[in-house]
Amino acid sequence: MEILRSQRKPPLSADAGGVSSLPLYRSPPELEVRLEDFELFAIDRLRVLQGISDGLSRGRKADEMEKSVKDLWRTHMRHPVAAEVANKDIISHFVLRLVYCREEEMRKWFLSMETILFRHRFKMESFEAQRAILAELDRPYKAVSGAELESVKEKLLQVARSTGQHLTNADVLFYKVPFEEVPELVSGRRVYIHKGHAYVAMNQVASLVVTQFRTLLSKALILTNRKWTSTLREQEKHRLTPIVEAISTIYLGPDYSKPKDVAELSLKDIDRVANNSFPLCMRHLFGKFREDHHLKYGGRMQLGLFLKGVGLNLDDALAFWRAEFSKKVGLEKFDKEYAYSIRHNYGKEGKRADYTPYSCQKIISSTPGVGDHHGCPYRHFSEENLRAALNKIGVSSRAMEDVLDRVRNKHYQLACALVFEAIHGSSCDSGINHPNQYFSESHKILLSKNNPGT
């Protein structure tokens, strides 16, 4: 896959096997890719994978997930040129494979989401297309027929009846495969096993194909990681590396660089508002700043941009930081060493960029060191410290156990949403994807409670 700055690429065939448009992504495509498409296609696919992740974390049922995946794919993976849809599918997969190969946790997430996406897309294919994909795997799977099929037919029907399956004419086709290649069916007792082989009905073949897909992708991610660390990262340090590193922490939600539906936050109200409407990550930073009169760079950036996004203007921001820092380092040192970076965050110094508050994804992926207080409490706190923090802000014991259960399963944003619901007594159906979203939703709820007639 060659990356170009501005050049059209010939479209891949959208029907590579004659019947299926679902690729196995076994090797990178031999085509030229514009640099713009490299990034944009990857971001569109990332929206699909994050949508799947959100649906799972919210406990959506199988039929809801099926509809969600179909809608996500239709919305984000379309292309104005029909013949380019297959290109976009393949290019976006390989770009994200490069993005998420770099760390074990990233690999696990990508592998899981891509496998779920593949499963849903495979089930939407026709039986003919599914058989073509199965053949493409080039595995020694044999269709059972003749005398062998007759000898096990009664057993197959017994298994089908016990699992509530309805065998149609299409299901007369069975594949004989090593039982260890369909662990999902074996663990669920949904398949007949005889002499080390499982007899897999055509309507169950998704389990077989998805297992193989996951195995292939898992191995490919390890190989991609080796190539990335050994050669690609250095070779592409001025072109692709910055894009690859940025995509993994990109935030795809609303822009919170300027406050919306919220009046400016005044200094006289900041402590009350922090107690009522700041998410735990910001509440922790705010409390530590008041307590220690100092924050390291990571904490200053995370809290400072958040405060900017909730409506603290530049003059008040300077007054807020100066009042605390001066207690520790003095006014002169503050004005010399710290005031510039505050003005810089507000676009008044340097290149005068309008910096945006950090998203949950960026905060979760940060790596706080000794003496740092930034990051996500649900990810970076010990369980003991998290319990203490949740108890301090009034989360009940019952709700706390639900939160900790989500944390143990690494659903940090869902844990934050549960805390929001516990504190505000109101559901948070959209989930929490940004600290400033938490603040905005909290502000709306408290405003409606204080002014019920509005």
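Buried, for today, means under 20% relative accessible area, with exposed over 50% and partly exposed in between, using a 1.4 Å probe and protein chains only. By that rule A389 counts as buried, at 14% relative accessibility.

Before I go on, a word on what we have here: this is a predicted model, where local features need pLDDT of at least 70 and side-chain atom pairs count only at pLDDT 80 or more, while totals for chains, interfaces and linings use all residues. Residues are numbered from 1 along each chain as its sequence is written, and side-chain values use heavy atoms, leaving out hydrogens and water.

Back to A389, which sits in helix α18 (residues 383-392); helices here are DSSP runs of H or I with at least four residues, strands are runs of E with at least two, and both are numbered from the N terminus. Which residues does A389 contact, leaving aside neighbours within four places in sequence? They are L280 and F381, where contact means heavy atoms within 4.5 Å. L280 is 109 residues away from A389 in sequence, yet the C-alpha atoms are 8.1 Å apart.

Now the rings. The structure holds 21 aromatic pairs: rings of Phe, Tyr and Trp (its six-membered ring) with centres within 6.5 Å, called stacked if the planes are under 30 degrees apart, edge-to-face if over 60, and tilted for the rest. F118 and F213 are stacked, because their centres are 4.1 Å apart and their planes at 5°. F118 belongs to helix α4 (residues 104-123) and F213 to helix α8 (residues 205-235), so this pair ties together parts 95 residues apart in sequence. Both F118 and F213 are buried.

F306 and F439 make an edge-to-face pair, at 6.3 Å centre to centre and 90° between the planes. Here helix α12 (residues 297-309) supplies F306 and helix α21 (residues 435-450) supplies F439, so parts 133 residues apart in sequence are tied together. F306 is buried at 0% relative accessibility, and F439 is buried too, at 4%. Both belong to one aromatic cluster, whose members include W321 and Y338.

Last stop, the sheet. Four strands form an open sheet in the order β3-β4-β6-β5, with antiparallel pairing; two strands pair if DSSP finds at least two bridges between them. At the edges stand β3 (142-144) and β5 (192-194), each with a single partner strand, so one side of each has no neighbour in the sheet. Further in, β4 (residues 174-178) and β6 (residues 197-201) pair over five bridges, and K176 has Y199 in β6 as its bridge partner.
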